[in-house]
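Reader: Good morning. I am new to this structure and would like to go through it with you, beginning with a pair of residues on the page.

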Amino acid sequence: MAEPEAAGEETPKKKSKLPILIGLVLMLLLGGGGFYAVYSGMILAPAHPEGAAAEEETHVEPTEPKIAFVALDPMVISLPEGPARHLRFSAQLEVPILKQKEVELLKPRVMDVLNGFLRAVEVKDLEDPAALLRLRAQMLRRVQIVVGEGMVNDLLVIEFVMN
């Protein structure tokens, strides 16, 4: 059986939650401050030489484009199916600026390979909505083979209309 409590004993006091709350608030403040310091670059930022940083701030040169565009002559290609169906096609080649003259000299070869390729494509392939992406990639590869590697970055299709 349980014995009655002795008259001289006291019940233990409840512990205060104040230290836990103070600890939580301090932890959140220190964590937020640490995050801000790292995020803003106050600490753990990559080191910059002071001389180079000063030069960058005082001397900023405008950047010139490192690419040029070579316009290809518009082509009208007669399609084999149907009465008087045609494809109007025009494009530009994105080239490094130092290679622009060389690519312009090879423009007749580029026009020849594109003309031959587009004449060989079937009409059903041209009517597919996703066909332009696939055809563009194939034409770019053929142009790169004709002019040489590193001479043409991209082929930009300006006009691609069937009527």
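Author: Let us begin with Phe 35 and Tyr 39, which are both exposed; exposed means over 50% relative accessible area, buried under 20%, and partly exposed in between (1.4 Å probe, protein chains only).

Reader: How far apart are Phe 35 and Tyr 39 in helix α1?

Author: Phe 35 and Tyr 39 are 4 residues apart in helix α1 (residues 18-40), so about one helical turn separates them. Helices (H or I, at least four residues) and strands (E, at least two) are DSSP runs, numbered from the N terminus.

Reader: Before we go on, where do these values come from?

Author: This is a predicted model, in which local features need pLDDT of at least 70 and side-chain atom pairs count only at pLDDT 80 or more, while totals for chains, interfaces and linings use all residues. Residues are numbered from 1 along each chain as its sequence is written, and side-chain values use heavy atoms, with hydrogens and water left out.

Reader: What is the mean pLDDT of the protein?

Author: The mean pLDDT is 84, and 83% of the residues reach 70 or more; pLDDT is the predictor's confidence in each residue, from 0 to 100.

Reader: Which elements have the lowest and the highest mean pLDDT?

Author: Helix α2 (residues 50-58) has the lowest, at 54, and strand β1 (residues 67-71) has the highest, at 95. Where pLDDT is low, the predicted coordinates should not be read in detail.

Reader: How many helices and strands are there?

Author: The protein has 6 helices and 4 strands. From the N terminus, their order is α-α-β-β-β-α-α-α-α-β. Of the 163 residues, 21% are buried.

Reader: Back to the rings. How many aromatic pairs are there?

Author: There are 2 aromatic pairs, by a rule in which rings of Phe, Tyr and Trp (its six-membered ring) pair if their centres lie within 6.5 Å; planes under 30 degrees apart count as stacked, over 60 as edge-to-face and the rest as tilted. The pair of Phe 35 and Tyr 39 is stacked, because the ring centres are 5.5 Å apart and the planes lie at 15°.

Reader: And how do Phe 89 and Phe 160 pair?

Author: Phe 89 and Phe 160 are edge-to-face, with 6.2 Å from centre to centre and 85° between the planes. Phe 89 lies in strand β3 (residues 86-96) and Phe 160 in strand β4 (residues 154-162), so this pair ties together parts 71 residues apart in sequence.

Reader: What does Ser 90 touch?

Author: Ser 90 also lies in strand β3 and counts as buried, at 9% relative accessibility. Leaving out residues up to four places away in sequence, Ser 90 touches Pro 74, Leu 156, Val 157, Ile 158 and Glu 159; contact means heavy atoms within 4.5 Å.

Reader: How many bridges join β1 to β3?

Author: The two strands run antiparallel and are joined by 5 bridges; strands pair if DSSP finds at least two bridges between them. Val 70 stands opposite Leu 93 in β3.

Reader: Now α6, please. Which of its residues are buried?

Author: Helix α6 (residues 131-147) has Ala 131, Leu 135, Met 139, Leu 140, Val 143, Gln 144 and Val 147 as its buried residues. They pack against β3, α4 (107-120), α5 (123-127) and β4.

Reader: What is Met 139 in contact with?

Author: Met 139 has a relative accessible area of 0% and is therefore buried. Apart from neighbours within four places in sequence, Met 139 is in contact with Phe 89, Leu 114, Phe 117, Leu 118 and Leu 155. The C-alpha atoms of Met 139 and Leu 114 are 6.6 Å apart, although the residues are 25 apart along the chain.

Reader: Lastly, with which side chain does Asp 154 make a polar contact?

Author: Asp 154, in strand β4, makes a side-chain polar contact with the side chain of Arg 136, at 2.7 Å. A polar contact is a pair of N or O atoms within 3.5 Å; within protein, one must be able to donate a hydrogen and the other to accept it, and residues adjacent in sequence count only if both atoms are side-chain atoms.
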